[in-house]
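Here are my notes for your first read of this entry. Please keep the model open beside them.

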Amino acid sequence: MKDYNKIAGCLLGGAAGDALGYAVEFDDEKTIFSKYGEAGIQKFDLNFNSGEAIISDDTQMTLFTA
């Protein structure tokens, strides 16, 4: 069970990081800082309709592979 928790935590952490970076995935550093300030991204950009954080296909493929 201990290894399962490590794997699940890794997958969850990866998904959270992906969701944080999703909104700026293809933006350069200057654009990101101009939009979010010097501290960078501090919270998830949520889907307008569902209120959920958005993940990319990278997370989807990681979860399918796992």
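**Notes on the model**

1. Start with one contact. The side chains of Thr-59 and Asp-18 make a polar contact at 2.6 Å. Keep in mind that this is a predicted model.

2. Where does Thr-59 sit? Its place is in helix H3, which covers residues 57–65. Is Thr-59 buried or exposed? Thr-59 counts as buried, because its relative accessibility is 7% and the cut-off for buried is under 20%.

3. Look at what surrounds Thr-59. Setting aside neighbours within four places in sequence, Thr-59 is in contact with Gly-14, Ala-15 and Asp-18.

4. Now take Ala-16. This residue lies in helix H1, residues 2–22. Ala-16 is partly exposed, with 30% relative accessible area. In sequence, Ala-16 and Thr-59 are 43 residues apart. In space, their C-alpha atoms are 9.3 Å apart.

5. Leu-20, Phe-44 and Leu-46 make a nonpolar patch of about 250 Å². Leu-46 belongs to the loop between helix H2 (29–36) and H3.

6. Step back to the whole protein. It has three helices and zero strands. Its radius of gyration is 14 Å, well over the 11 Å that the globule rule gives for 66 residues, so the protein is more spread out than a compact globule. The C-alpha trace spans about 45 × 25 × 20 Å along its principal axes.

7. Finish with the totals. Of the 66 residues, 12% count as buried. The accessible surface is about 5400 Å², and 58% of that belongs to carbon and sulfur atoms. Among contacts between residues at least 6 apart in sequence, 57% join residues at least 24 apart.

Methods:
Residues are numbered from 1 along each chain as its sequence is written. This is a predicted model: local features need pLDDT of at least 70, side-chain atom pairs count only at pLDDT 80 or more; totals for chains, interfaces and linings use all residues. Side-chain values use heavy atoms; hydrogens and water are left out. Helices (H or I, at least four residues) and strands (E, at least two) are DSSP runs, numbered from the N terminus. Buried means under 20% relative accessible area, exposed over 50%, partly exposed in between (1.4 Å probe, protein chains only). A polar contact is a pair of N or O atoms within 3.5 Å; within protein, one must be able to donate a hydrogen and the other to accept it, and residues adjacent in sequence count only if both atoms are side-chain atoms. Contact means heavy atoms within 4.5 Å. Patches are made of residues with over 30% relative accessible area and no salt bridge: like charges are joined within 9 Å, nonpolar side chains (Val, Leu, Ile, Met, Phe, Trp, Tyr) within 5 Å. Accessible areas come from the Shrake-Rupley method with a 1.4 Å probe; for residues, only the protein chains shown count as cover. A salt bridge is a side-chain nitrogen of Lys or Arg within 4 Å of a carboxyl oxygen of Asp or Glu. The radius of gyration is taken over C-alpha atoms; the globule rule is 2.2 Å times the number of residues to the power 0.38.
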